[in-house]
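Thanks for coming. I will walk through one structure this morning, a piece at a time. Please have a look at it before I start.

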Amino acid sequence: MISYLQIENFSKSYGDKVLFTDINFGILQGQKIALIAKNGTGKTSLLNIIAGKDSQDSGDMTFKKDIKLGYLEQIPEMDDNNTVINELFNSSDPVLSVIRDYERMLESGKEDGMTEILEKMDLYKAWDYEVKVKQILYKLKITDFDQLISQLSGGQKKRIGLAKVLITDPDFLMLDEPTNHLDLEMIEWLEEYLKKSKGTLLMVTHDRYFLDRVCNEIIEMDANNIHSYKGNYTYYLEKREERINIQNAEANKAKSLLKTEQEWMRRMPQARGTKAKSRVDAFYEIKDKASTGYKESKLDLDIKSSRLGTKILEFEHLNKRFGDLKILEDFSYKFQRGEKIGIIGKNGTGKSTFLNIITQNIEADSGNIEIGETVVYGYYKQDGIKINEDQKIIEVIKEISESIDLGNGREMSASQFLEYFLFPTKTQYNQVSKLSGGEKRRLYLMTILMKNPNFLILDEPTNDLDIMTLNVLEDYLLHFKGCLIIVSHDRYFMDRVVEHLFVFEGEGEIRNFTGNYTIYREAQLAEELKLKQIEKPVKVKKEKPKQTIKNKMTFNEKREFEQLEKDMESLNEEKAAIEVAMSSGSLSNDDLMTKSARIQEVMDLLDEKEMRWLELSEIGN
């Protein structure tokens with residue numbers, strides 16, 4: 001296979017913080033690789049170096065010549081003065097450039113120069129490409145091409161960045177947390193898109209289902225070492241545990257032998273012969289091996305929650321709307337102790353508004369809310385908290401409390417609590433600005449849990465957290481005795497933690513579904529299949545008894561046969577007209593999607609009528 005990228009003896013530090021040292025790995029054409037490591041160990045820095053946005057301190061990088069690289073950054077860089085369409089097609093690629101010029105011409109309504117642009121569209125065979133581009137934009141719900149980048153939210157910018165990198169159709173694609181800010185429908189579409197792609201992929205993601213279904217190899221960065229696993233995430237977990245067990249067994253064996261050799265070293269005379277020198281060299285090898293046991297810094301979330309009384313939270317006939325947008329309609333629910341509820345639904349259906357109503361940051365238009373006296377909310381917001389970037393890490397915690405109550409008579413100082421959350425003493429006086437995105441999220445999580453809440457509300461808690469931290473957070477939530485509400489697009493996280501779902505279906509409708517996300521999705525797909533079968537019954541071809549084959553059509557069958565011929569002619573004409581329209585380049589994005597749906601309907605109708613025409617023609621013969 002062709003080598004696309006080779007990394008040799010790469011090292012990178014920022015000041016006194018060492019990210020990685022002397023790492024080596026390669027990527028071959030067609031591989032789909034996930035990069036896994038703890039927050040703050042340099043995943044994003046490594047991608048930035050490969051993309052040419054940063055440089056290594058030492059080491060060599062060899063790229064195959066003439067391959068097109070596409071890179072989605074965790075926070076994409078964009079020109080705030082650009083419109084969406086200008087940002088999307090801001091490329092030196094000639095095909096994208098001509099599509100951009102064509103789209104601009106359509107927007108302006110001018111005809112001068114259109115002939116030249118149409119000739120270029122034909123020359124570069126850009127029509128099919130434009131259809132693909134518009135499908136990507138449609139799936140990512142990017143429809144307002146005139147909006148300024150400065151007016152977009154962080155999530156919208158991430159989707160623009162993803163669309164921008166996908167439409168360039170790169171040979172080698174690098175994605176840093178691509179599923180952040182995508183809803184479940186978009187994630188499933190992207191999953192299928194990347195699975196079918198023949199391109200090469202290097203990706204950082206915390207979404208374990210996404211990783212499991214898309215990638216065929218995993219690279220783990222751990223303690224300046226690179227470990228490669230041929231297989232998906234499930235295989236990686238199994239083999240990683242095997243590797244750690246073998247590594248620890250060898251280290252323990254070396255430690256036992258080291259005691260004997262240390263004793264010999266202390267007794268050994270100064271005059272050393274050849275044999276003695278060999279044994280001394282072996283001693284240092286054993287010493288090195290004894291120190292290679294796997295020492296994993298483990299986040300242990302053993303924190304008490306405040307006592308929760310019998311009465312928790314009750315909603316009666318709640319209604320909420322913003323203008324014509326209906327968020328809640330006659331919603332009632334009584335929360336029980338220990339409930340773990342997941343919230344899913346398309347963006348804009350009111351999930352965050354619902355959380356703000358629970359926490360009394362927003363009032364309902366009508367209805368009644370009763371909150372138990374013992375309820376202590378812990379609200380982890382999607383956009384985090386505003387932390388002064390110049391503030392020291394330990395100051396953020398001390399501002400809330402100098403000591404933290406862990407329950408059962410246990411307390412911790414602010415510094416000890418930071419260590420508990422994997423912030424070593426030597427880093428606690430660093431500025432917040434030096435933390436990675438995931439480390440800032442972990443710090444934010446600390447500020448929520450240290451208040452001992454008994455009703456946790458987590459809005460997209462998995463964004464930017466590493467997989468190791470997510471596993472521990474899941475274990476903590478599974479044993480959490482209070483109430484829990486989670487809004488998340490992380491299907492693995494939801495499957496493991498929640499017991500039932502509030503499905504926001506739009507127009508104020510909230511469906512209460514018993515089961516986790518996978519159970520819900522399977523039920524939803526079964527419902528969709530059932531509806532399709534009702535709309536389009538499956539035809540079962542029955543064999544005609546040989547004794548009763550008709551030799552002639554009845555009068556009605558003859559009329560039906562003639563009508564079928566007319567219908568088929570009409571449908572073929574419509575199909576040809578749609579194909580011409582779709583390749584004309586004159587359709588808006590909405591019209592293109594409508595035509596795409598209609599041409600499928602026409603083809604289905606043609607199949608049905610042709611089948612019936614064949615049946616009748618057999619009778620006629």
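I begin with a cysteine. C483 has a relative accessibility of 1%, so C483 counts as buried. Keep in mind that this is a predicted model, and every value I give is computed from it. Another cysteine, C215, has a relative accessible area of 6%, which is under the 20% cut-off, so C215 is buried as well. How many disulfides does a search of the whole structure find? The count is zero.

Next, a strand. β6 runs over residues 172-176, and five of its five residues are buried. In a regular strand, side chains alternate between the two faces of the sheet. Here F172, M174 and D176 point one way from β6, while L173 and L175 point the other way. Residues on both sides are buried.

Which strands does β6 pair with? One is β5, residues 69-72, which pairs with β6 in the parallel sense over four bridges. Within that pairing, Y71 has M174 of β6 as its bridge partner. Another is β7, residues 200-204, also parallel to β6, over five bridges. There, D176 is bridged to V204 of β7. To get from β6 to β7 the chain passes through helix α7, residues 184-196, and this β-α-β crossover is right-handed.

The largest nonpolar core has 54 residues, and L175 is one of the five that touch the most other members, together with L88, L140, I142 and L162. What is L175 in contact with, leaving aside neighbours within four places in sequence? The list is L47, L72, L162, V165, L194, L201, L202, M203 and V204. There is also a second, separate core, with 45 residues, including L418, F480, V498 and V503.

Now a loop residue. D79 sits in the loop between β5 and α2, the latter being residues 84-88. Is D79 buried or partly exposed? Its relative accessible area is 37%, which lies between the 20% and 50% cut-offs, so D79 is partly exposed. Not counting residues up to four places away in sequence, D79 touches E87 and I149.

Last, the aromatic rings. The model has 24 aromatic pairs. In one of them, Y209 and Y492, the ring centres are 5.3 Å apart and the planes are at 65 degrees. Why is that pair called edge-to-face? The angle is over 60 degrees, so the pair falls in that class. Y209 belongs to helix α8, residues 208-214, and Y492 to helix α16, residues 491-497, so the pair ties together parts that are 283 residues apart in sequence. Y209 is buried, at 18% relative accessible area, and Y492 is partly exposed, at 22%.

Y333 and F502 make another edge-to-face pair, 5.0 Å centre to centre with 85 degrees between the planes. Y333 is in strand β11, residues 325-334, and F502 is in strand β19, residues 500-506, so this pair links distant parts of the chain, 169 residues apart. Y333 and F502 are both buried. They also belong to a cluster linked by ring pairs, whose other members are F315, F331, F335, F354, Y377, F455 and F504.

That is the end of the tour.

Notes:
Residues are numbered from 1 along each chain as its sequence is written. This is a predicted model: local features need pLDDT of at least 70, side-chain atom pairs count only at pLDDT 80 or more; totals for chains, interfaces and linings use all residues. Side-chain values use heavy atoms; hydrogens and water are left out. Buried means under 20% relative accessible area, exposed over 50%, partly exposed in between (1.4 Å probe, protein chains only). Helices (H or I, at least four residues) and strands (E, at least two) are DSSP runs, numbered from the N terminus. Two strands pair if DSSP finds at least two bridges between them. A crossover is right-handed if, with the strands pointing away from the viewer, the path from the first strand over the helix to the second runs clockwise. A nonpolar core is a set of buried Ala, Val, Leu, Ile, Met, Phe, Trp, Tyr and Cys residues joined through side-chain atoms within 4.5 Å. Contact means heavy atoms within 4.5 Å. A disulfide is a pair of cysteine sulfur atoms within 2.5 Å. Rings of Phe, Tyr and Trp (its six-membered ring) pair if their centres lie within 6.5 Å; planes under 30 degrees apart count as stacked, over 60 as edge-to-face and the rest as tilted.
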